[in-house]
Amino acid sequence: MDLKGQVALVTGASRGIGAAIAVLLGKHNARVAVNYAKSKDKADQVVETIKNEGGQAIAVQADVRDNSAVKTMVETTIKELGPIDILILNAGADVPWKAFMALTFEEFENKVMGELKGFFFPAQAVIPQMIERKKGCIVGISSGLSRHPGFGFSAHTTVKSGVDGLMKSLALELGPHGIRVNTVAPGLTITDATSWLPKERIEGTAKATPLGRVGQPDDIAGAVLMLVSDEAKFVTGAYLPVSGGVQMI
Ligand SMILES: NC(=O)c1ccc[n+]([C@@H]2O[C@H](COP(=O)([O-])OP(=O)(O)OC[C@H]3O[C@@H](n4cnc5c(N)ncnc54)[C@H](OP(=O)(O)O)[C@@H]3O)[C@@H](O)[C@H]2O)c1
């Protein structure tokens, strides 16, 4: 799974799942642009980790909900690392964990529209040069909750169902241009985004999981690497749950 000569842009890569993806792609010789919104220090640490393992990486700031910041980020990446071969759409918006009737429309809209903007803008900024070069690979990070709702996660389930639909549509439209598009759906994975969950909830999920534990960011990164590698050259439009078997489709 050598990605030598390829450039990857990973959105939301300063922490959690995105950071693990950036490090693993770097370890497999991709030149990596590590996107962050606020955590410059953490993004710089991810870049250092990649460089310490002999790879090449840069940190690129952009709030992915801001189209003009995204365009600048893509231009910087192309200028400093070269044309983008791999785009990982990972950055998510915060999840208001509330029963539907307690949710305000503003909270719902911020989550749903914020996250969709963060997929739409980077995809539209990167795809033209992929079409021009007749190659490219996109992975969207969804969630197991896109197909199986969880109490208090209505906004999350709504936007991740949208992400699944968008990724399938891109797979259809971009396949003729030599671009593959797939979806990875993590189960519960231990990151800053889930650290607030009660211990019993994490233990309960681990118990219900055939592989007997919850996910770690590098579990998700491994599945992404598999999909972007040439070994998956005939895989597009797929939805891959990465959950230790707690979600089977
Ligand atoms: N953890 C889970 O159990 C789980 C399960 C299913 C799906 N997912 C999905 O996996 C993805 C990553 O989640 P995570 O758990 O790794 O989250 P996390 O640990 O909270 O990390 C979030 C990352 O996204 C970045 N980010 C947030 N908003 C951004 C914005 N507007 N523009 C650019 N970057 C932004 C953050 O950057 P800063 O540090 O700069 O703020 C950070 O690098 C999300 O799409 C999430 O929905 C997670």
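## Ligand shell and parallel sheet in a predicted model

Helix α1 makes the largest contribution to the shell around the ligand, with 3 residues. The structure is a predicted model, in which local features need pLDDT of at least 70, side-chain atom pairs count only at pLDDT 80 or more, and totals for chains, interfaces and linings use all residues. Residue numbers start from 1 along each chain as its sequence is written. Helices (H or I, at least four residues) and strands (E, at least two) are DSSP runs, numbered from the N terminus.

**Ligand shell.** Both α1 (16-27) and β2 (31-36) supply at least two residues of the shell. Of the 30 residues around the ligand, Gly12, Gly16, Ser39, Gly92 and Thr191 come nearest. The shell comprises 10 nonpolar, 14 polar and 6 charged residues; Ala, Val, Leu, Ile, Met, Phe, Trp, Tyr, Cys and Pro count as nonpolar, Asp, Glu, Lys and Arg as charged, and the others, Gly among them, as polar.

**Sheet.** Seven strands form an open sheet in the order β3-β2-β1-β4-β5-β6-β7, with parallel pairing; two strands pair if DSSP finds at least two bridges between them. Strands β3 and β7 (239-242) are the edges, each pairing on one side only. On average, neighbouring strands are turned by 20° against each other, direction ignored. Strand β1 (residues 7-10) runs parallel to β2 and is joined to β2 by 4 bridges, with Val7 opposite Arg31 in β2. The parallel pairing of β2 with β3 (residues 56-61) extends over 6 bridges. From β2 the chain passes through helix α2 (residues 40-52) to β3 in a right-handed β-α-β crossover, that is, clockwise from the first strand over the helix to the second when the strands point away from the viewer.

**Helix packing.** Helix α4 (residues 105-133) lies across β1, β4 (86-89), β5 (136-141) and β6 (179-186), at about 170° to β4. Helix α5 (residues 154-174) touches β5, β6 and β7, its direction making about 160° with that of β6. Contact requires C-beta atoms, placed from the backbone, within 7 Å; axes are lines fitted to C-alpha atoms, for helices over the stretch in contact, and angles run from 0 to 180 degrees between N-to-C directions.

| Residue | Phi | Loop |
|---|---|---|
| Lys134 | about 55° | between α4 and β5 |

Asn29 is partly exposed, with 17 other C-beta atoms within 10 Å, whereas Lys134 is exposed, with 10. Exposed denotes 12 or fewer such neighbours, buried 20 or more, and partly exposed the range in between, with C-beta atoms placed from the backbone.

Technical notes
Near = placed C-beta within 6 Å. Contact = placed C-beta atoms within 7 Å.
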